[in-house]
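Hi everyone, thanks for coming. Please have a look at the picture, and then we will walk through it together.

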Amino acid sequence: MVPSNQPVTQALLARAHSPDTVNRIFSDKIQYRPLYLRPNSPPPPSNARNARRKAREEAKKKQKLKPKPLSARERHRRGLYQVPRQGQKYAVFEPLHRLWLGYIEEILGSDLYHGGAAAAAKLSAAEFHGAAVEVSRSSCPSRVGISGIVIKDGKFAFEIITPKNDVKIVPKEGTWFRFEIPVKEPVAEASMSPEAPPRRFVFEVLGDQFLTRGADRANKKFKNHYLKNL
């Protein structure tokens, strides 16, 4: 007979096991085993409403922490794409020009010495921020002769700073731009003619074919075709 003060679990085990086995099973597998409680699923309507409200509040907090990106109008109003007046100095952009020379030499590689279609394809997708440029021909005679360093390669115009610290905005349409790249002579040829003037790789760009931004031009493929205005 089961004692009256014995727990129900032990009483049930005593029906099938000896007292020693009952104590061992109860102490090893039942006495200290945690009991996990799980709420009903789905939650009651009131809890679901509170959960949705809490989720909305957390989403609003995250939006406040993450700044909203500026629109194009706001960026233009703040002048983020404009060079400040105190920075409109030719000497400020000379290091940028030296960086561009190293960049364009690396892009052209051996094509720098003989040009050709391969060099033209690379130049059509190159970046021209920092390039030294001169307007060689234009439908507007007043633009001819403008020279300096490109400080902004826009979609429709080059923004150029001249050696006199003047910023000129030259439209690409109807304008030819001339670029010159100094060519490093091999050591053997340089020793044979030390007084010879340094060679330059000169090319011209028709602005009508460059009416794209630099980032978009990098992925654009240019094809050879006849141009009426040449």
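What percentage of the 230 residues in the chain is buried? Buried residues make up 26% of them. Here buried means under 20% relative accessible area, exposed means over 50%, and partly exposed is in between, with a 1.4 Å probe and protein chains only.

A quick word on the source. This is a predicted model, where local features need pLDDT of at least 70 and side-chain atom pairs count only at pLDDT 80 or more, while totals for chains, interfaces and linings use all residues. Residues are numbered from 1 along each chain as its sequence is written, and side-chain values use heavy atoms, with hydrogens and water left out.

Now the overall layout. The chain has 9 helices and 6 strands. Helices (H or I, at least four residues) and strands (E, at least two) are DSSP runs, numbered from the N terminus. A contact means heavy atoms within 4.5 Å. Of the chain's contacts with a separation of 6 or more, 52% are between residues 24 or more positions apart.

Let's begin with helix α2, residues 19-30. Which residues of α2 are buried? They are Val22, Ile25 and Phe26. Seen down the axis of α2, the buried residues fall within an arc of 100°, so they line one face of the helix; the arc is that of the directions from the helix axis to the C-beta atoms. Asp20 and Asp28 are exposed, on the face turned away from that buried side. The cover over the buried residues of α2 includes α1 (8-14).

Next, the sheet. The 6 strands form an open sheet in the order β4-β3-β2-β1-β5-β6, with antiparallel pairing. Two strands pair if DSSP finds at least two bridges between them. At the edges are β4 (167-171) and β6, each of which pairs on one side only.

Follow the strands with me. β1 and β2 (residues 147-153) run antiparallel and are joined by 3 bridges; Glu134 has Ser147 in β2 as its bridge partner. β1 also pairs with β5 in the antiparallel sense, over 5 bridges, and there Val133 stands opposite Phe179 in β5. Then 7 bridges join β5 to β6, again antiparallel, with Arg178 opposite Glu204 in β6.

That brings us to the inside. In soluble globular proteins, nonpolar side chains tend to be buried together. A nonpolar core is a set of buried Ala, Val, Leu, Ile, Met, Phe, Trp, Tyr and Cys residues joined through side-chain atoms within 4.5 Å. The largest one here has 25 residues, and those with the most contacts inside it include Leu108, Phe128 and Phe179. Among the elements giving two or more residues to this core are α5 (90-108), β1 (132-138) and β5 (175-182). Helix α5 gives the most, with 4 residues. Apart from this core lies another, of 5 residues, including Phe93 and Ile161.

Leu99 is 31 residues from Gly130 in sequence, and their C-alpha atoms are 7.6 Å apart in space.
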